[in-house]
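Hi everyone, thanks for coming. Today I'd like to walk you through one structure, so please take a look at it with me.

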Amino acid sequence: MLGEGPSSQCSYTYGDSGYWDARYLEEGLSSIDWYQRYSALRPFLREFLPLSSRVLMAGCGNALMSEDMVKDGYVDIVNIDISSVVIEIMRRKCAHIPQLEYMQMDVRDMSFFQDESFHCVIDKGTLDSLMCGTNAPLSAFQMLEEVSRILKPGGTYMLITYGDPSVRVPHLNKTGCKWKIMLYVIPRPGYQAGDGSSSSKSIMEPVPLTDKGLLPTDFILEDPDSHYIYICKKMNELLEDDRVVVDANIV
Ligand SMILES: C[S@@+](CC[C@H](N)C(=O)[O-])C[C@H]1O[C@@H](n2cnc3c(N)ncnc32)[C@H](O)[C@@H]1O
């Protein structure tokens, strides 16, 4: 499963819609939240996304994330996935929740949506899936171009991934959009250090990036299978010269 460990993170099948359809048929009505549950991510959402935001959940799967967000007060979440199987399951399951909409769609072609129509796009494991498929760089480029197109100026792309900055920032750099990026690192659920303690760092402390968008050389990753949370703000292109603006924490 993605996120369980470096050797098992990437399977070519993750980029294939047939794989996901078969998997969701088998899973039926069960729910799986990849990487992290809403409870762990809540501090980031509540810090960066107002409750009134129009949110796109890109590659929603059968995760409980969107339902948990509604319970917490979010009011407008459009959920898309390439798997028609999971969309049909989720549409029926959540028919009584007016704040949630489900649509079958490929994140590489979201032409159904108008430009600048969302305040936020949340991606938990979907860019990672594309990165596992064939033509991964092209797929990533197409997805990120679409994400930047549908985001309002100042809108947020929240990317939750196992990919460290050396393998994710270059893809963000390739889009025609300028991003202001803040990075957070969060241990996998249940992580305990060798001595049995949990992480000593606050997860809400942003990790400074170098001016090349990399982790500082002296950065110590407590849990080697940590997840990375990129808060990418779409900048006004007329105001900024640099393609990727690494927040105030440049080292
Ligand atoms: C790793 S799962 C993550 C699911 C969910 N976001 C979560 O956190 O549990 C990746 C999801 O992306 C979907 N997906 C893969 N390629 C996609 C594409 N091109 N467009 C839309 N969804 C896609 C898969 O069907 C799957 O539901």
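This is a predicted model: local features need pLDDT of at least 70, side-chain atom pairs count only at pLDDT 80 or more; totals for chains, interfaces and linings use all residues.

The chain has a mean pLDDT of 89, and 87% of its residues reach 70 or more. Please be careful with residues 1-8, where pLDDT stays under 50. Residues 246-251 are also below 50.

Now to the core. Which residues touch the most other members of the largest nonpolar core? They are Leu 56, Val 121 and Ile 229, in a core of 63 residues. Strand E6, residues 179-186, gives the most to this core, with seven residues. Leaving out residues up to four places away in sequence, Val 121 touches Leu 56, Ala 58, Val 147, Leu 151 and Tyr 157.

Val 147 brings us to helix H6, as it is one of the buried residues there. H6 covers residues 136-150 and reaches 21 Å from its first C-alpha to its last, close to the 21 Å expected. Other buried residues of H6 include Ala 140, Met 143 and Leu 144. Among the elements covering the buried residues of H6 are strands E1, E4, E5 and E7, along with helices H5 and H7.

Helix H5 turns up again at the ligand. With three residues, H5 (126-132) gives the largest share of the shell around the ligand. Which of the 22 residues around the ligand come nearest? Those are Trp 20, Gly 59, Gly 61, Ala 63 and Gly 125. By type, the shell divides into eleven nonpolar, six polar and five charged residues.

Notes: Residues are numbered from 1 along each chain as its sequence is written. A nonpolar core is a set of buried Ala, Val, Leu, Ile, Met, Phe, Trp, Tyr and Cys residues joined through C-beta atoms within 7 Å. A residue is buried if 20 or more other C-beta atoms lie within 10 Å of its own, exposed if 12 or fewer, and partly exposed in between; C-beta atoms are placed from the backbone. Helices (H or I, at least four residues) and strands (E, at least two) are DSSP runs, numbered from the N terminus. Two residues are in contact if their C-beta atoms, placed from the backbone, lie within 7 Å. pLDDT is the predictor's confidence in each residue, from 0 to 100. A residue is near a molecule or strand if its C-beta atom, placed from the backbone, lies within 6 Å of it. Ala, Val, Leu, Ile, Met, Phe, Trp, Tyr, Cys and Pro count as nonpolar, Asp, Glu, Lys and Arg as charged, and the others, Gly among them, as polar. The expected span of a helix is 1.5 Å times one less than its number of residues.
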